[in-house]
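Hi,

Here's the structure I promised to pass on.

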Amino acid sequence: MNADIDQENRATIARVTCGWKLPHLPLEAVRRYWRDVHSPGIARRPGLWEYRHLQFDPVAPALLAPVRGIETACPGDQQLMWTSDVRYLDQAGLDLFASTPGPEVKKQLLADIDLIVDQSTTYLVLGDNASTLVDSSGTAAPQGPAAQPTYAVFFRQRGEQAAFRAALRALAARWAVAAGVRRLRLALFETPDMEAERKAGYPIKTHPPECKYQAWIDLSLSSAEHLRGLLSPGDADCIRTVHVYPVPVVYTSVCRGRPTLVGLRGWPAYDAIQALGADNQRQAALLEWMYGDVAAGGLLA
């Protein structure tokens with residue numbers, strides 16, 4: 001296992017938020033806002049270990065070979081548009097994140113949910129229920145357009161949770177060694193606790209039970225063709241639904257406990273700096289002067 005996987009798997013708690021926008025808002029405006037306004041605010045909060053935001057294209061059932069008993073299509077008005085994968089090393093990290101900033105500032109940050117979100121569910125993932133099995137990307141903090149075909153694969157269970165989780169672990173292990181698989185991270189979701197979310201101050205806009213998922217695989221392939229044969233007939237014993245969302249872009253705002261350049265300055269600044277090779281704009285002294293202690297020690301990406 002490589003060092004990037006070891007570091008990623010150090011996180012023992014994740015909050016995976018999945019949702020879609022208010023109907024009247026332009027999708028591109030919402031995507032820009034989440035990436036360049038909302039995410040830099042979240043990236044400045046202490047206690048984070050990793051923070052990735054994935055934007056989705058519509059579900060693509062044709063990418064999978066049909067398996068009797070597994071539903072792969074999804075109504076357009078039930079399709080996710082994004083996932084934010086926010087990870088913490090441990091409970092102490094989550095507690096620190098929850099305690100900062102103060103109530104008035106946190107209120108303004110969370111106002112973004114009412115501003116742009118129609119429905120959204122946050123899934124808790126604990127311990128080894130989240131694990132990256134393979135990653136040959138060579139980068140701990142992917143930024144911008146996906147370097148290879150990337151998919152968010154969401155699952156709904158058939159039957160009992162224990163059997164479903166055992167089946168998903170076996171499926172993930174099988175996929176991880178399949179031809180063309182370059183990255184695979186499995187997350188098994190806890191049943192969302194709306195009362196805990198409410199007590200934490202989050203606006204409750206959760207999906208109805210039939211729209212919720214029980215697991216997610218973050219998957220990258222050398223070619224989309226490799227996706228087609230990944231499901232097997234036996235998978236239908238414990239899996240009721242598989243929705244494949246193409247992921248055109250991924251933004252990493254926090255990596256290994258530090259904000260990235262995208263997390264501090266937003267994507268447009270990062271893109272401009274990359275285009276001109278402006279390494280002076282990446283230096284710790286400058287960034288600490290501009291952004292304070294949150295930039296101390298430099299950036300990892």
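This is a predicted model: local features need pLDDT of at least 70, side-chain atom pairs count only at pLDDT 80 or more; totals for chains, interfaces and linings use all residues.

Below is what turned up, starting with a pair of helices and ending with a few loop residues.

Residues are numbered from 1 along each chain as its sequence is written, and side-chain values use heavy atoms, with hydrogens and water left out.

Helices and strands here are DSSP runs numbered from the N terminus (helices are H or I, at least four residues; strands are E, at least two). Helix α2 (residues 27–43) packs against helix α4 (residues 103–116) at an angle of about 165°, and their axes are 10 Å apart. Axes are lines fitted to C-alpha atoms, for helices over the stretch in contact, and angles run from 0 to 180 degrees between N-to-C directions.

Which residues of the two helices meet? On the α2 side they are Val30, Tyr33, Trp34, His38 and Gly41, and on the α4 side Leu109, Asp112, Leu115 and Ile116; contact means heavy atoms within 4.5 Å. The residues of this contact split into 6 nonpolar, 2 polar and 1 charged (Ala, Val, Leu, Ile, Met, Phe, Trp, Tyr, Cys and Pro are nonpolar; Asp, Glu, Lys and Arg are charged; the others, Gly among them, are polar).

Staying with α4, its buried residues are Lys106, Leu109, Leu110, Asp112, Ile113 and Ile116. Buried means under 20% relative accessible area, exposed over 50%, and partly exposed in between (1.4 Å probe, protein chains only). Among the elements covering them are β1 (13–21), α2, α3 (91–99) and β4 (117–126).

Now for the loops. Val247 sits between β10 (239–246) and β11 (249–255), and is buried at a relative accessible area of 4%. Leaving out residues up to four places away in sequence, Val247 touches Leu54, Gln55, Phe56, Ala146, Thr150, Tyr151 and Ala152.

Pro101 lies in the loop between α3 and α4, and the peptide bond from Thr100 to Pro101 is cis, with omega near 0°.

Lastly, check Arg256, in the loop between β11 and β12 (258–259). Phi of Arg256 is near 55°, a positive value in a residue other than glycine, and Arg256 is partly exposed at 25% relative accessibility.

Cheers
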